[in-house]
Amino acid sequence: MRIMILGTVQIFSNSYDVDLLAQTKEDFFMLYNVVVNDWGETTYVPTALGNGLLVAVIAVLLVAAAVFARLHMQKLTIRQLVFCAMAVALGTVLSNIKLFHFPTGGSITLLSMLVVCLPGYFFGLGAGLMTGFAYGVLQLLIDPYVLYPMQLVMDYLLAFGALGLSGLFTNAKNGLLKGYLVGVLGRYAFTVASGCIFFASYAWEGWGVLPYSMVYNGIYIFAEAGVSIIVILLVPVREAIGRIRRLALE
């Protein structure tokens, strides 16, 4: 068992554990404690005040996303809002069924991105962005991997929010497939940018930062996307999604 108390860091380890010697360097405006381990890796851990402010900011952004969805795209019915919430919940459950998980972040999950893209395809861009953003917030709360405050925004709010770009093809032929591909590419773009900016030190030996980030993030994102595309192309799946869409739009 290992217990770490910020401010005065105490680590209790079993004899077979590696002794991780982490210490708090400074208090970052009372919002984050800057923790550095013995490998020189820095993590920004929110204080109670920081967590409270983060929750407040996220709540404001969620309200803004909801207002945007209702005023600028189309009015969502109660049934449609419930469907968006169900997609977030189901996507979160599926995201915890990890087929493969990288130690420094990123995992291949069981179709979680596909589920999160559905509200955008069903109801349009506003609903899609709102759903993707809410999903990102839940991912942040449930399974965070945060090194820097801005990395949090890029990897969770913007990258997952980009899955809502599926709403660009809500009325197009093969709209689900096209929307899913665009949503995945949107997430990939933000994730690659985050890798270049915040995870440059993790680049493999002999690799440039951009190629490393593109390959590293492409492995798990496109592996899951490939499986999802196969599922989308199955006739029974397309018919089932079509029925659910008609039901949600009633």
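Me: What makes the contact between the side chains of aspartate 143 and lysine 98 a salt bridge?
Reply: The two side chains meet at 3.7 Å, N to O. A salt bridge needs a side-chain nitrogen of Lys or Arg within 4 Å of a carboxyl oxygen of Asp or Glu, so the pair at 3.7 Å qualifies. It links distant parts of the chain, with aspartate 143 in the loop between α4 and α5 (149–161) and lysine 98 in strand β4, 45 residues apart. This is a predicted model, in which local features need pLDDT of at least 70 and side-chain atom pairs count only at pLDDT 80 or more, while totals for chains, interfaces and linings use all residues. Residues are numbered from 1 along each chain as its sequence is written, and side-chain values use heavy atoms, with hydrogens and water left out.

Me: Why do aspartate 143 and lysine 98 fall in the class they do?
Reply: Buried means under 20% relative accessible area, exposed over 50%, and partly exposed in between (1.4 Å probe, protein chains only). Aspartate 143 has 32% and lysine 98 has 30%, so both are partly exposed.

Me: How many salt bridges does a search of the whole structure find?
Reply: It finds 2. Glutamate 250 and arginine 79 also meet in a salt bridge, at 3.7 Å from N to O. Glutamate 250 sits in the segment after α8 and arginine 79 in helix α2, 171 residues apart.

Me: Is glutamate 250 buried or exposed, and what is arginine 79 called?
Reply: Glutamate 250 is at 65%, so it counts as exposed. Arginine 79, at 42%, is partly exposed.

Me: How do you know how many disulfides the structure holds?
Reply: A disulfide is a pair of cysteine sulfur atoms within 2.5 Å, and the count comes to 0. Cysteine 117 is buried at 0% relative accessible area, whereas cysteine 196 is partly exposed at 25%.

Me: What makes helix α3 (residues 112–123) count as mostly covered?
Reply: In this helix, 12 of its 12 residues are buried, among them Met113, Cys117 and Phe122. The helix label comes from DSSP runs (H or I, at least four residues, for helices; E, at least two, for strands), numbered from the N terminus. The cover over the buried residues includes α2 (78–95), β5 (107–109), α4 (125–142), α6, α7 and α8 (235–249). Glycine 124 follows α3 and has a positive phi, near 110°.

Me: Why is the pair of tryptophan 204 and tyrosine 212 classed as it is?
Reply: The ring centres are 4.9 Å apart and the planes stand at 85°, so the pair is edge-to-face. Tryptophan 204 is partly exposed at 34%, while tyrosine 212 is buried at 5%. Ring pairs link Phe100, Phe102, Trp204, Trp207, Tyr212, Tyr216 and Tyr220 into a cluster.

Me: Which residues make the nonpolar surface patch?
Reply: Trp204, Trp207, Leu210, Met214, Val215 and Ile219 make it, at about 520 Å². Patch residues need over 30% relative accessible area and no salt bridge, with like charges joined within 9 Å and nonpolar side chains (Val, Leu, Ile, Met, Phe, Trp, Tyr) within 5 Å. Areas come from the Shrake-Rupley method with a 1.4 Å probe, and for residues only the protein chains shown count as cover. Isoleucine 219, in helix α7 (residues 209–233), is partly exposed at 39%, so it passes the area cut-off of 30%.

Methods
Contact = heavy atoms within 4.5 Å. Phe/Tyr/Trp six-rings, centres within 6.5 Å; stacked < 30°, edge-to-face > 60°.
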